[in-house]
Amino acid sequence: MIVIFEGLDNCGKTTLVKMLKDYYESIGVPAEVSKEFETNIGIELKKMAIEGTLDSILKAYLFAADRYIRMKNISSEDIKNKILLFDRYVPSAIAYRMAEGVDKDFVLNINSVFPKADIGFFIDITPEESVKRNSDTKFNIKSSVEHLDEVRKSYLSILNENNLIYINGMQPIEQIFNEVLQRIEEYRKNNVKRI
């Protein structure tokens, strides 16, 4: 089952995904994490992002290529028998590129090869909170409040068409974890035979 997590930088996606993986493994349910910047293309993409040599169209293609390589390592059996936790998926490609003025349909077309998520979450924080939570100890492209505001607006405009469940990311992480876990378990109970 594909479970995706979306939101502004520093909204807590990575922490949440790790908590969920640990939880599911502790109860004997196989879970895996997939995140950006870990393939060869992803590593190069990260380097180019740090250097500031990426434009919006190149980002659209390279993030899709990184996602494609990650998806090639996932079998249909994995999708059926594991909980696959994606720290960003197609909606982030759409929201971030839309905020940079790229046509949504162009981004959708590039990403049309990827399977739809079974369930997805948008962890919402304010742009100001995103900047406040940023630190030099983690990789992060430093973004302005104005840019992040555009990204947030883009996300909010695509929630329904991407079946993303809105979660208030300003709550304590434990509260977010419990809310997300409850939603995943409801989905599993109603839709998944074995996991």
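Q: Which residues does Arg88 touch, not counting residues up to four places away in sequence?
A: Arg88 touches Phe5, Glu6, Gly7, Leu8, Asp9, Lys13, Glu36, Arg70, Tyr96 and Tyr155; contact means heavy atoms within 4.5 Å. This is a predicted model, in which local features need pLDDT of at least 70 and side-chain atom pairs count only at pLDDT 80 or more, while totals for chains, interfaces and linings use all residues. Residues are numbered from 1 along each chain as its sequence is written, and side-chain values use heavy atoms, with hydrogens and water left out.

Q: Why is Arg88 called buried?
A: Its relative accessible area is 7%, and buried means under 20%, exposed over 50%, partly exposed in between (1.4 Å probe, protein chains only). Arg88 is therefore buried.

Q: What makes the pairing of the Arg88 and Asp9 side chains a polar contact?
A: The two side chains are joined at 2.9 Å. A polar contact is a pair of N or O atoms within 3.5 Å; within protein, one must be able to donate a hydrogen and the other to accept it, and residues adjacent in sequence count only if both atoms are side-chain atoms. A polar contact of 3.1 Å also joins the side chains of Arg88 and Tyr155.

Q: Which residues of α8 are buried?
A: In α8 these are Leu148, Val151, Ser154, Tyr155 and Ile158.

Q: Why are the buried residues of α8 said to line one face of the helix?
A: Seen down the axis of α8, they fall within an arc of 115 degrees, so they line one face. The arc is that of the directions from the helix axis to the C-beta atoms.

Technical notes:
Helices (H or I, at least four residues) and strands (E, at least two) are DSSP runs, numbered from the N terminus.
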